[in-house]
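User: Hello! I am new to this structure, and I would like to learn how its descriptions are reached. Could you show it and then take my questions?

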Amino acid sequence: MRIARFKVGEKIAYESLEGDLLKEIQGSIYDQFVVTDVSYRLDEVELLVPCTPSKMLAMALNYPSHLSSFKAPSQPEIFLKTPSALLPPGGTIALPREAGRVDYEGELVVVMKKKAKHVSPEEALDYVLGYTCGNDVSAREWQKKDMQWWRAKSSDTFAPLGPCIATDLDPANLGLELRLNGEVKQRTNTSQLIFDVSTIISFASRVMTLEPGDAIFTGTPGTPEPLKDGDVVEVEIEGIGVLKNLVSSR
């Protein structure tokens, strides 16, 4: 099932996405819900970020191809991104004037379904609602010179997410591709993750309670390149869809 969040007029709701048709959901996507006969076409609605996380966790150095000169970490290296950085499908990534180089980072993102605390790796996936596409936009100069990554990773619009949450996927075997202006820049499979989804959830839940709707960026592959004004960046993940965003320096 693919679950999207949309706005039509003044109404905001969740829906089941079936091709180009949206069927409205009644109830909580994190508990009990039913799919109704109320339907919309994609071109009739505005897609929103598919979840409303209380917090977002993100993984550093979680693909061998992204390590460069770094040593592979011995445990999951997690940092935080703020929900204020969220950007919906079709939204515009704003490049801060003083930021210098800003890179794309295509990633698989986990969306939590249930409150998780002290969860074992074996039971971790039972706490997951599904998966979506994310772009961990990163200001490299700020990332290198600041003591904390607060602005390098959480500037406004630095967390595009969407277009939907796909359930019933195997997070250990999903193809991921990022395209910049139509050219493939990143291509991998999540089987290459150094720390898999179960390990990440279990590790984080030892010290931090994960809430329904919380999002976990699982890391990016390869060597990302900078974004510039006028770019179009697309993150596509098998079984989920395409997250497409424009880029502007204005």
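Analyst: Here we go through some of the strands, with the terms explained along the way. This is a predicted model, where local features need pLDDT of at least 70 and side-chain atom pairs count only at pLDDT 80 or more, while totals for chains, interfaces and linings use all residues. Residues are numbered from 1 along each chain as its sequence is written, and side-chain values use heavy atoms, with hydrogens and water left out.

User: Why is strand S11 called largely enclosed?

Analyst: Buried means under 20% relative accessible area (exposed is over 50%, partly exposed in between; 1.4 Å probe, protein chains only). Seven of the seven residues of S11, 106–112, are buried, so the rest of the structure largely encloses this strand. A strand here is a DSSP run of E with at least two residues, numbered from the N terminus.

User: Which residues of S11 point one way, and which the other?

Analyst: Gly106, Leu108, Val110 and Met112 point one way, and Glu107, Val109 and Val111 the other. In a regular strand, side chains alternate between the two faces of the sheet.

User: What makes S11 and S12 a pair?

Analyst: Two strands pair if DSSP finds at least two bridges between them. Seven bridges join S11 to S12 (residues 128–135), so by that definition they pair, and they run antiparallel. Within S12, Tyr131 is the bridge partner of Val110.

User: How do you know that S15 and S18 pair?

Analyst: Strand S15 (residues 175–180) and strand S18 (residues 232–237) have five bridges in the antiparallel sense. Arg179 has Glu234 of S18 as its bridge partner.

Note on methods:
Helix = DSSP H or I, 4+ residues; strand = E, 2+ residues; numbered from the N terminus.
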